[in-house]
Amino acid sequence: MTRKLKRLIDRSRQVFIVAHVDPDGDTIGSALGLARSLRKMGKDCTLACADSVPDALLFLPGVEEFGIPRLTDEDLIIAVDVSHPNRLGQAYRHLPSLDTPMVNIDHHFTNSMFGTINLVRIEATATAEIIFDLLQEWEVLLDSVLATHLLTGIVTDTQSFSTPSTTPRILEVSSQLMKAGASLTEIHENYYKKREVETLHLWGRILAEMQLDDQLVWSVSTLDMQSRSHAAPDDGDGIVNLLATARQAKAAIMFTENEDGKIGISIRSRPGVDISPIAIHFGGGGHPQAAGTELLGDLCEVIPKVLIKAKDVLNAHDPK
Ligand code: 5GP
Ligand code: MN
């Protein structure tokens, strides 16, 4: 598999690297790390993402290159951390149907294998770990920028080395990335510790709306709450992890109203509780402890529908 990938790369000159919509640290860090490595190998790279990169990731060197370019002379497409063509976004979901070969590098067990080559390793902690392994195989020398890109993917996908997906091996990989010059403190300072006051005001409103329903804690971010806080819908990203700290809760769900009429749904759970079936039931995906989807409709119809399914899943897991 990786030999076939190397042959494709050797034959290509210009590579189109695409990250997933609503981008997170793993898709952005992996895409940047891959681009930097391929450039060291003499390739031209274009970086694409249908959505803009969140403020918390703007510290990453090279991140300003992301945009929504059209595919032109590129002879290879590589999707990173993308589980399904839908996750490429409106601008790019047609890419798998083009004649240009497409490589799918990912670690989601829900991956739909949409590439010409699918390098999907569900045991990998983060897509950044798969990229790290490729670089070792290709004998690309790590530098501090490359190491920062990959360590950011690992830190953000493991919620700072705290999820059950954190393996002894990922700590070894991270140690090598730190030795190559990546700073864990710099990543933490930038990603977790530089929130706008408006964001924290929004978080306050979301926490005030929080409800505990048996083993499930949930809350909402309405357009009205966002505008009163002078914040945007994605300023609520990450608060679901805080909701999930409620002692009584096995799972947390965050409902975010967006201007386009879609409700974003983010789900988290305690180790050993698999909430991915909830997201999958509503057309989404993710991991056992962190999954999500998007639904068209009003909050008042979406919330009860999702809560009923969530309770089914939690009860099946832990029948009373
Ligand atoms: P988050 O709640 O942080 O947005 O996403 C948690 C996990 O669920 C991530 O692994 C992300 O890739 C996945 N995820 C979130 N939204 C969607 C979606 O709409 N579709 C799919 N397939 N996966 C999603
Ligand atoms: Mn990931």
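This is a predicted model: local features need pLDDT of at least 70, side-chain atom pairs count only at pLDDT 80 or more; totals for chains, interfaces and linings use all residues.
Biologist: What is the geometry of the pair formed by Trp 218 and Phe 255?

Modeller: The pair of Trp 218 and Phe 255 is edge-to-face, with 5.9 Å from centre to centre and 85° between the planes. Trp 218 belongs to strand β7 (residues 216-221) and Phe 255 to strand β8 (residues 251-257), so the pair ties together parts that are 37 residues apart in sequence. Both Trp 218 and Phe 255 are buried.

Biologist: Let us turn to the helices. At what angle do the axes of α2 and α4 cross?

Modeller: The general idea is that two packed helices are described by the angle between their axes and the distance between the axes. Helix α2 (residues 25-40) and helix α4 (residues 144-157) have axes that come within 8 Å and cross at roughly 155°. Angles over 145 degrees count as roughly antiparallel, and α2 and α4 are therefore roughly antiparallel to each other. The crossing of α2 past α4 is left-handed.

Biologist: Which residues of α2 and α4 meet?

Modeller: On the α2 side the residues include Gly 25, Gly 29, Leu 32, Gly 33 and Arg 36, and on the α4 side they include Val 145, Leu 146, His 149, Leu 150 and Gly 153. By class, this contact of α2 with α4 holds four nonpolar, nine polar and four charged residues.

Biologist: How does α2 pack with α3?

Modeller: The axes of α2 and α3 are 8 Å apart, at an angle of about 15°. Angles under 35 degrees count as roughly parallel, and α2 and α3 are therefore roughly parallel to each other. Their crossing is left-handed. From α2 the contact involves Asp 26, Ser 30, Leu 34 and Ser 37, and from α3 it involves Thr 127, Ala 128, Ile 131 and Leu 135. Sorted by class, the contact of α2 with α3 has four nonpolar residues, three polar and one charged.

Biologist: How many of the residues of α3 are buried?

Modeller: Nine of the 11 residues in helix α3 (residues 127-137) are buried, and the helix is mostly covered. Among the buried residues are Glu 129, Ile 130, Phe 132, Asp 133 and Leu 134. Just after α3, Glu 139 adopts a positive phi of about 55°.

Biologist: What angle do α4 and α5 make, and which residues meet there?

Modeller: Helix α5 (residues 168-179) packs with α4 at an angle of about 150°, the axes being 9 Å apart. The two helices α4 and α5 are therefore roughly antiparallel, and their crossing is left-handed. Ala 147, Leu 150, Leu 151 and Ile 154 of α4 meet Ile 170, Val 173, Ser 174, Leu 177 and Met 178 of α5. In the contact of α4 with α5 there are eight nonpolar residues, one polar and no charged.

Biologist: Where is Asn 241 placed, and which residues is it in contact with beyond its neighbours within four places in sequence?

Modeller: Asn 241 lies in helix α9 (residues 239-243). Its relative accessibility is 25%, so Asn 241 counts as partly exposed. Leaving aside neighbours within four places in sequence, Asn 241 is in contact with Gln 159 and Arg 268. Asn 241 and Gln 159 are 82 residues apart in sequence, while their C-alpha atoms are 8.7 Å apart in space.

Biologist: Where is Gly 284 found, and what does it touch?

Modeller: Gly 284 sits in the loop between α10 (276-281) and β10 (285-286). At 26% relative accessibility, Gly 284 therefore counts as partly exposed. Not counting residues up to four places away in sequence, Gly 284 touches Ala 279, Gly 292 and Thr 293. Gly 284 and Arg 13 are 271 residues apart along the chain, and their C-alpha atoms are separated by 34 Å.

How values were computed: Residues are numbered from 1 along each chain as its sequence is written. Chains are lettered from A and ligands numbered from 1 in the order in which they are written. Side-chain values use heavy atoms; hydrogens and water are left out. Axes are lines fitted to C-alpha atoms, for helices over the stretch in contact, and angles run from 0 to 180 degrees between N-to-C directions. Helices (H or I, at least four residues) and strands (E, at least two) are DSSP runs, numbered from the N terminus. Angles under 35 degrees count as roughly parallel, over 145 as roughly antiparallel, 65 to 115 as roughly perpendicular and the rest as oblique. A crossing is left-handed if the near helix is turned anticlockwise from the far one by less than a right angle, and right-handed if clockwise. Contact means heavy atoms within 4.5 Å. Ala, Val, Leu, Ile, Met, Phe, Trp, Tyr, Cys and Pro count as nonpolar, Asp, Glu, Lys and Arg as charged, and the others, Gly among them, as polar. Rings of Phe, Tyr and Trp (its six-membered ring) pair if their centres lie within 6.5 Å; planes under 30 degrees apart count as stacked, over 60 as edge-to-face and the rest as tilted. Buried means under 20% relative accessible area, exposed over 50%, partly exposed in between (1.4 Å probe, protein chains only).
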